[in-house]
Amino acid sequence: MCGINGIIYKTGCNENKLTSALTQMNNLIIHRGPDEDGFTVDCEDNYGVGMAMRRLSIIDLSSGKQPIYSDDKKIVIVFNGEIYNYRSLKSDLEASGVHFKTTSDTEVILKLYEKHGVESFKWLDGMYGFSIFDKNINKLFIARDFFGEKPLYYTHTENQFLWSSELKSIIDVLPIKPQISKKGLNLFLRLTYIPAPYSIYDNIFKLEANHYIEYNFENHETSIKEINQEIKPKEQSISFDEAKKKVKDLVYESVDSRSIADVPLGTFLSGGVDSSIVSLCLSQGTEKKIETFSIGFKEAKMDETDKSQLVAKLIGSNHHEFKIGEDDLKDNIHEILLNFDEPFSDTAALPTYFVSKKTRDYVKVALTGDGGDEVFGGYNKYYVGKMNTKYTNIVPKPIHNVLLNTSKYLLATKNDNRGKRFKIKKMLKAVNYDGNQYWDIISLANTELELVEILVPSHYISDLFGEYKDQLYNDKVESLTDFRHVDKILSLEGGMLAKVDRTSMQNSLECRAPFLNKKIWDYTNTLPEKYLMNGWNKKHILKEAFKDQFPEEFLEKSKRGFGSPVGNWLKSSLKKELESFIEPKFLSEQGIFNLDKIIPLVQNHLDSKRDNTFRVWAFYCFQKWYNNIYLKQ
């Protein structure tokens, strides 16, 4: 696991200047790879190219140092991530006469590319961001993995092309700070994160998952291409019992492949379905006790560590449990939020940071349950999406509008309490009569109408999700399959995986997600939807596949989720800072928010007149980022 950086000078080259800039970029991501670094620089008359990396040594500790070159030194690679099927790929290459100098997965990517070109990218099972400079054809390729587990940012300037695993490395070497991207701003204030290809900055982009950039040094033009995968699978006719067995086999196989490491590893164990199954599979694959880690809250109503304790006892793990409270937030919130380099307001980022920090004291690698909900259909929002059609067929729109307006008062809460009233109100807000309900459901901060209110007109963008809709199979998002594909494109890449990558790598911990396996994703897409969500039973086939391994009804128990009680913290330890963000003079000079709407929104929350946790938290996270980037002296 590493972080990578790269610079291309489009006209001429100063080797010292190029190396200095790469060093500057590398130093900013030392947390991603504290073990060692590596550089490669090539200066020609009409261009210069440099690539660098920071390494967290996980596989091939002795000979896996990067960059790695081809035998003729004409091709070079820097790589961030893990390739889980590298051993089988290596065996195939060796059988065809290819020789290796190391036992690293990085060299396997290089040799595979040498033999098959960019076509080889589709055979990689793993999480990665890498760049390959091929002097034979005067091209450079930058690729990102199938799900987007590893980040990759890039930008063009008049004289340079830059790319990096983290935004901070690019921003730091640019001569001036870029302007805010209105598209990125609107996406964040709707979703709580910014999905690829956008960032919070104009002209700085994220490479989309399962894509690669081709840079041509002959004309300094770039093209972005999708990695050609195998033909998309079609639904097959298979019995539930057969499918259940296949799912179980695939999960065991994936956990095993994600357990390859030359350093100690453990699991994040929340006690939910996904992390419990991953921990169980890992424990059954080794004779030693595995290490499991969970995080809880000192606020009793938010704490669910009893569930993880039960699983830890069941599998006989060495279990480590940590509890956090508001005092921990005071000491760490600044570094947690600002490490994202752009606004990010998923409240689960805070506990994920703390569990990563504690886990790193014991192991270098942690397996997680991430992706289980997207792959197997496990979110409550999938219920809401399916219910929308039934609801809109029964309830006329005028009556719904009356119910919606009434709910604002009858279901209003004064504190950050995410119970039944909160969920019903959220469901009513998401109802849509135009077939666009799922775009409202995933808008965790502001709905479109709310966004129109709080932004000044010059900063509001309509039809925010148009290009994402174009990537889907259907015009309307109505089925469970549709919902899951939206989540893969937006929520998984932009939210979940960004959260885990930044908070874990901030602590030099590598996280691996066995459910994020293309083989499992492709297989679940061939199954009837009722196998995934059977009535009200989410993740039906996954739970059925493993229910004999757990106490009766354990996998059916509900779980709150992994958020933090930030709504209450905003009224206490964060109150003074939040109040400074709604000062009229500051807001007027900033010129982004409508003072008449945003000040009452925040003040009502602070005065406990109305719980506006998610909207105010998104506002707070944006302003904290804005102040650090544009106003910090």
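Predicted model: local features only at pLDDT ≥ 70, side-chain atom pairs only at ≥ 80, totals over all residues.
Residues are numbered from 1 along each chain as its sequence is written, and side-chain values use heavy atoms, with hydrogens and water left out.

The axes of helix 12 (residues 380-394) and helix 18 (residues 480-505) cross at roughly 130° and come within 10 Å. Helices (H or I, at least four residues) and strands (E, at least two) are DSSP runs, numbered from the N terminus; axes are lines fitted to C-alpha atoms, for helices over the stretch in contact, with angles from 0 to 180 degrees between N-to-C directions. Helix 12 brings Lys381, Tyr382, Gly385 and Lys386 to the contact, and helix 18 brings Leu480, Phe483, Arg484, Asp487 and Ser491 (contact means heavy atoms within 4.5 Å).

Turning to the sheet, 6 strands form an open, antiparallel arrangement in the order 4-5-6-7-11-12, where pairing takes at least two DSSP bridges between two strands. Strand 4 (68-69) and strand 12 (221-226) sit at the edges with a single partner strand each, so one side of each lacks a neighbour in the sheet. Further in, strand 7 (residues 139-144) is joined to antiparallel strand 11 (residues 211-216) by 5 bridges, and Phe141 stands opposite Glu214 in strand 11. Helix 3 (residues 105-116) lies across strands 4, 5, 6 and 7, at about 125° to strand 5.
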